[in-house]
Amino acid sequence: MELSLEDIQKIKTSSGIIGNSAGLNRAINVAVQVAVTDLSVLVLGESGAGKEKIPQIIHRNSRRAGKTYIAVNCGAIPEGTIDSELFGHVKGAFTNAITERKGYFEEANGGTIFLDEVAELPMPTQARLLRVLESGEFMKVGSSKVEKTDVRIIAATNVNLQERINDGKFREDLFYRLNTVPIIIPPLRERKEDIHLLFRKFSRDFADKYNMPAISLTPEATALLENYRWPGNVRELKHVADQISIIEKERTISADST
Ligand SMILES: Nc1ncnc2c1ncn2[C@@H]1O[C@H](COP(=O)(O)OP(=O)(O)OP(=O)(O)O)[C@@H](O)[C@H]1O
Ligand SMILES: [Mg+2]
């Protein structure tokens with residue numbers, strides 16, 4: 001069942017998502033459709049494309065909405081501590097394990113875990129993750145007691161997981177298990193109609209913050225932005241909007257100034 005454009009607009013407004021391209025609307029539609037299930041979701045898209053909004057939409061539209069939501073940046077946690085963060089440890093599991101610690105999979109029981117930058121997980125952690133995905137079972141670090149949890153998993157990555165699999169750095173079975181429902185956020189250059197909407201939003205935010213009139217673009221300047229490649233996607237567009245807002249004295253920006 002497709003959501004109406006009105007329903008999609010409501011979701012965007014409540015999550016602060018700007019844009020009206022078919023690709024963005026499709027991604028939001030799939031997120032809401034899959035939210036009512038417990039299926040794993042893999043959010044794919046280039047750096048800065050806007051992947052981080054999707055897991056929140058899924059959690060908020062699911063039966064788990066009232067329960068814990070934990071976002072974990074897998075790339076930011078050192079290899080030596082990630083198992084303990086995710087699955088907990090028992091007292092004495094390693095030198096600094098003075099007390100027992102609950103992991104995110106125990107804390108988020110009944111809720112949702114978002115594993116951002118999932119490609120960065122070390123292989124042993126991938127094995128633990130596969131087990132908890134398949135059976136809900138896990139063991140704390142240093143323990144052989146099997147514990148159970150009921151967690152919905154959403155993962156995201158901006159890297160090509162197929163390449164990681166070929167390089168022996170990502171488990172193929174884990175990939176298939178995570179990729180039950182892929183949600184693709186297209187790059188900004190493939191949703192050109194979102195560019196001026198996003199630019200307007202970011203320059204208004206900037207103007208509100210610093211209490212000045214917002215800048216606006218001439219049609220030629222808009223066309224210039226629309227034809228740029230945006231390798232850093234929405235994140236890069238925000239930086240550009242901020243920079244132009246600071247530097248330009250003229251509040252209408254023509255093509256020569258961009
Ligand atoms: N459609 C959108 N509307 C409003 N803000 C957006 C939109 N898409 C992205 N953003 C903003 O752009 C920035 C980058 O988005 P986000 O952090 O989701 O990127 P990402 O896809 O997770 O990238 P990376 O792979 O580098 O982590 C954030 O500040 C986010 O709030
Ligand atoms: Mg991100």
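Domain bounds here come from an automatic or database domain assignment. For this chain, that assignment gives domain 1 (5–184) and domain 2 (190–257). Before going further, bear in mind that this is a predicted model: local features need pLDDT of at least 70, side-chain atom pairs count only at pLDDT 80 or more, and totals for chains, interfaces and linings use all residues. As for labels, residues are numbered from 1 along each chain as its sequence is written, while chains are lettered from A and ligands numbered from 1 in the order in which they are written.

Let's start with how the two domains sit. The C-alpha centres of domain 1 and domain 2 are 33 Å apart. They do meet, though: 11 residues of domain 1 are in contact with 12 residues of domain 2, where contact means that the C-beta atoms, placed from the backbone, lie within 7 Å. On the domain 1 side of that meeting, you'll find 3 nonpolar, 7 polar and 1 charged residues. In this scheme Ala, Val, Leu, Ile, Met, Phe, Trp, Tyr, Cys and Pro count as nonpolar, Asp, Glu, Lys and Arg as charged, and the others, Gly among them, as polar.

Now for the ligand. Ligand 1 has 16 residues around it, and the closest are Ser-47, Gly-50, Lys-51, Glu-52 and Asn-158; a residue qualifies if its C-beta atom, placed from the backbone, lies within 6 Å of the molecule. By class, the shell splits into 4 nonpolar, 7 polar and 5 charged. Helix α11 (residues 233–247) contributes the most, with 3 residues. Helices (H or I, at least four residues) and strands (E, at least two) are DSSP runs, numbered from the N terminus.

Finally, find Thr-252 in strand β9 (residues 252–253). Thr-252 counts as exposed because it has 11 C-beta neighbours inside 10 Å. Thr-252 touches Ser-216 and Thr-218, leaving aside residues up to four places away in sequence.

How values were computed:
Contact = placed C-beta atoms within 7 Å. Buried ≥ 20, exposed ≤ 12 C-beta atoms within 10 Å, placed from the backbone.
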